[in-house]
Amino acid sequence: MTDTKKLPAHLAIILDGNGRWAKRRNLPRLMGHRAGLRKLEDMVRLVKREGIRYFSVYAFSTENWNRPAMEVAGLMSLFRYYIRKKVDELKKENVRIRFCGRKDRLPEDLLEQMKWAEDYTADQTALDFILCINYGGRAEIIDAVNKLIASKPEGPVTEEDLRKNFYLPDVPDPDLIIRTSGELRLSNFWLWESAYSEYYFTKIHWPDFDEAELKKALEDYASRDRRYGGLKNK
Ligand code: IPE
Ligand code: IPE
Ligand code: MG
């Protein structure tokens, strides 16, 4: 276990590089996504063992609808398969599964399954595992603004008012955001919530990310000094 004083309460990962992982092996892109989901199963266990309380992963963005219909359909099937097969295991491990993102455009049966999985694991307390599917940071902010307007707030709106209208208002901001596969960008993940997040980038493609890599990222995080605009902690 890494030093718990310096452990992120909320670890977020942008799961990138499934396609490149597959291409390197002359496999179809969907095989990369399948390998990526399998890797996620191990990672949930490892993250829980580290003592992290919230683990969110970016699995499908609001922009990923721009991909070929075959790839999108394949991803939706993989999500269905993953939820159906893994929820019992997650529950046994005391993991609560939650979904974060816009509910429009997702297939009706997948939405039902998501709702079922959330209800089924609602009382689990060791780890909140948050799958961001059809998530976009801009969409989340716009949706929150529209909810606020509909509630007809009196007087000037505060940061807290907006936050209360986000998809998962009880989840703390991500302390550490990891992105695999070498891209140095956020791609519309946790836009508002990442204001003071620490970043860790690795060239490793997501399906090759492992325990050693996770430890490296957590150690790097533990060595950082988070100042939040103030002065260095003595
Ligand atoms: C991440 O892998 C998974 C999703 C965005 C759904 P990619 O599919 O983006 O993999 P690359 O970036 O093409 O290698
Ligand atoms: C970000 O990856 C979204 C997810 C991992 C779900 P992308 O592969 O979609 O991001 P870009 O297009 O390289 O910015
Ligand atoms: Mg990508």
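User: Which helix is Glu41 found in?
Analyst: Helices are DSSP runs of H or I with at least four residues, strands are E runs of at least two, and both are numbered from the N terminus. Glu41 sits in the run covering residues 29-50, which is helix α2.

User: What pLDDT do local features need here?
Analyst: Residues are numbered from 1 along each chain as its sequence is written, while chains are lettered from A and ligands numbered from 1 in the order in which they are written. Side-chain values use heavy atoms, with hydrogens and water left out, and in this predicted model side-chain atom pairs count only at pLDDT 80 or more, totals for chains, interfaces and linings use all residues, and local features need pLDDT of at least 70.

User: Which side chain makes a polar contact with the side chain of Glu41?
Analyst: Contact means heavy atoms within 4.5 Å; skipping residues up to four places away in sequence, Glu41 touches Tyr82 and Lys86. A polar contact needs a pair of N or O atoms within 3.5 Å; within protein, one must be able to donate a hydrogen and the other to accept it, and residues adjacent in sequence count only if both atoms are side-chain atoms. At 3.4 Å, the side-chain partner of Glu41 is Lys86.

User: What radius of gyration does the protein chain have?
Analyst: The chain comes to seven helices and six strands, and its C-alpha atoms fill a box of roughly 55 × 45 × 35 Å along the principal axes. The globule rule is 2.2 Å times the number of residues to the power 0.38, with the radius taken over C-alpha atoms. For 234 residues a compact globule would come out near 17 Å, which agrees with the chain's value of 18 Å.

User: What percentage of the contacts in the protein chain, between residues at least 6 apart in sequence, join residues at least 24 apart?
Analyst: The elements run β-α-α-β-α-β-α-β-α-α-β-β-α from the N terminus on. For the chain, the share is 78%.

User: Is His10 buried or exposed?
Analyst: His10 is in strand β1 (residues 10-14), and its side chain reaches the backbone oxygen of Pro172 at 2.7 Å. Beyond its neighbours within four places, its contacts include Tyr54, Asp173 and Trp190. Buried means under 20% relative accessible area, exposed over 50%, and partly exposed in between (1.4 Å probe, protein chains only). With a relative accessible area of 1%, His10 is therefore buried.

User: What is the relative accessible area of Asp208?
Analyst: Asp208 lies in the loop between β6 (198-201) and α7 (211-222). Leaving aside neighbours within four places, Asp208 is in contact with Trp21, Arg25 and Lys39. Asp208 counts as partly exposed because its relative accessible area is 31%.

User: What is phi of Ser181 near?
Analyst: Most residues other than glycine have a negative phi. Lys152, in the loop between α5 (137-150) and α6 (159-163), has a positive phi near 45° and is exposed at 69%. Ser181, in the loop between β5 (176-179) and β6, is buried at 6%. Phi of Ser181 is also positive, near 80°.
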